[in-house]
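Q: I have a structure open and have not looked at it before. Can you walk me through it?

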Amino acid sequence: MGEELSVGQVAAVAKVTVRTLHHYDEIGLLSPGGRTPAGYRRYRDTDLDRLQQILFYRELGFSLEEIAAILDDGTVSPTEHLRRQRDLLHARISHLQDLAAAVEHAMEASRMGIQLTPEEKFEVFGADYQESWETEAEQRYGDSAAWQQSRRRTARYTKADWERIKADGEALNARCAAALAAGTDPASAAGMALAEEHRRQITDTYYDCGYAMHRGLGEMYLADERFTAGYERVAPGLARWLRDAIVANADAHQAG
């Protein structure tokens, strides 16, 4: 930029409050490199670079004390800072993918009417499980015949049943991911066979899933980002591959 900015200008550019910048100055985290004759703060390019670093670490949940220690460590080069930020971002992405997978499991379980204690739900479906997802699922599907049928079937399932169901689903997902990695056309006989196994798992476990309904589920795997994220965590591109396999399988059976 080459010019010094006032505290108000920096606040507008960085989308923080003037009070925040004053606080950073008061605690020595970000003291502007310049002052006007009247004593007003003036920020230079190096100050803005440091502010960018501060805001990055704040976004990742670091305390101001931790950020000060990181930025004031003279043994860390600018390149090392970038490498550290890259690693932190990868860790955050992985965490968010884990959360998305937990949402996917919980939404699927909620939609099917799981009958487990809260403790068992957390144990089977992960620590990020939220019971509020059950309410959302029932509001969306509660009036459907499939929901009612699923509720009747799953009412007798035990914790061991749910663990087996979860394992079977994960095993099928792994086979689909392997097919995707091998370049298998989702509309091929092998791709449609996996889609048919997916449909039969739903039918055998929850409710009678016809081909039209299965097609709708496939479309939901792309339309609902929580389902998409769950499949993408298994393998990038899997949500679309499975959806295409489901559609091809439905077309083949409905045409027959």
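**A first look**

A: Start with Glu-196, which touches Tyr-211, Asn-249 and His-253, leaving out residues up to four places away in sequence. Keep in mind that this is a predicted model.

Q: Where does Glu-196 lie?

A: Glu-196 is part of helix α10, which covers residues 189-205.

Q: Is Glu-196 buried or exposed?

A: Glu-196 has a relative accessible area of 11%. The cut-off for buried is under 20%, so Glu-196 counts as buried.

Q: OK, zooming out. How many helices and strands does the chain have?

A: There are 13 helices and three strands in the chain.

Q: And what share of the residues is buried?

A: Of the 256 residues in the chain, 41% are buried. The chain exposes about 13800 Å², and 52% of that comes from carbon and sulfur atoms.

Q: Which residues touch the most other members in the largest nonpolar core?

A: That core has 26 residues, and those touching the most other members are Cys-176, Tyr-207, Leu-217, Tyr-221, Leu-238, Trp-241 and Leu-242. Two or more residues of this core come from each of α9 (159-181), α10, α11 (211-223), α12 (225-234) and α13 (238-255).

Q: What is Tyr-221 in contact with?

A: Setting aside neighbours within four places in sequence, Tyr-221 is in contact with His-198, Phe-227, Thr-228, Tyr-231, Ala-239, Leu-242 and Ile-246.

Q: What does the second core include?

A: The second core is separate and has 21 residues, among them Leu-5, Leu-21, Leu-60 and Phe-62.

Q: Which residues of α2 are buried?

A: In helix α2 (residues 18-26), the buried residues are Leu-21, Tyr-24 and Asp-25. Viewed down the axis of α2, they fall within an arc of 100 degrees, so they line one face of the helix.

Q: Why would residues three or four places apart point the same way?

A: An α-helix has 3.6 residues a turn, so residues with that spacing point the same way.

Q: What do the buried residues of α2 pack against?

A: They pack against α1 (7-14), β2 (34-35), β3 (41-43), α3 (45-59) and α4 (64-71). On the other side of α2, Arg-19 and Glu-26 are exposed. After α2 comes Gly-28, with a positive phi near 80 degrees.

Q: Changing topic: how many disulfides does the structure hold?

A: It holds zero disulfides. Cys-176 is buried at a relative accessible area of 2%, and Cys-209 is also buried, at 2% relative accessibility.

Terms used
Residues are numbered from 1 along each chain as its sequence is written. This is a predicted model: local features need pLDDT of at least 70, side-chain atom pairs count only at pLDDT 80 or more; totals for chains, interfaces and linings use all residues. Side-chain values use heavy atoms; hydrogens and water are left out. Helices (H or I, at least four residues) and strands (E, at least two) are DSSP runs, numbered from the N terminus. Buried means under 20% relative accessible area, exposed over 50%, partly exposed in between (1.4 Å probe, protein chains only). Contact means heavy atoms within 4.5 Å. A disulfide is a pair of cysteine sulfur atoms within 2.5 Å. The arc is that of the directions from the helix axis to the C-beta atoms. A nonpolar core is a set of buried Ala, Val, Leu, Ile, Met, Phe, Trp, Tyr and Cys residues joined through side-chain atoms within 4.5 Å. Accessible areas come from the Shrake-Rupley method with a 1.4 Å probe; for residues, only the protein chains shown count as cover.
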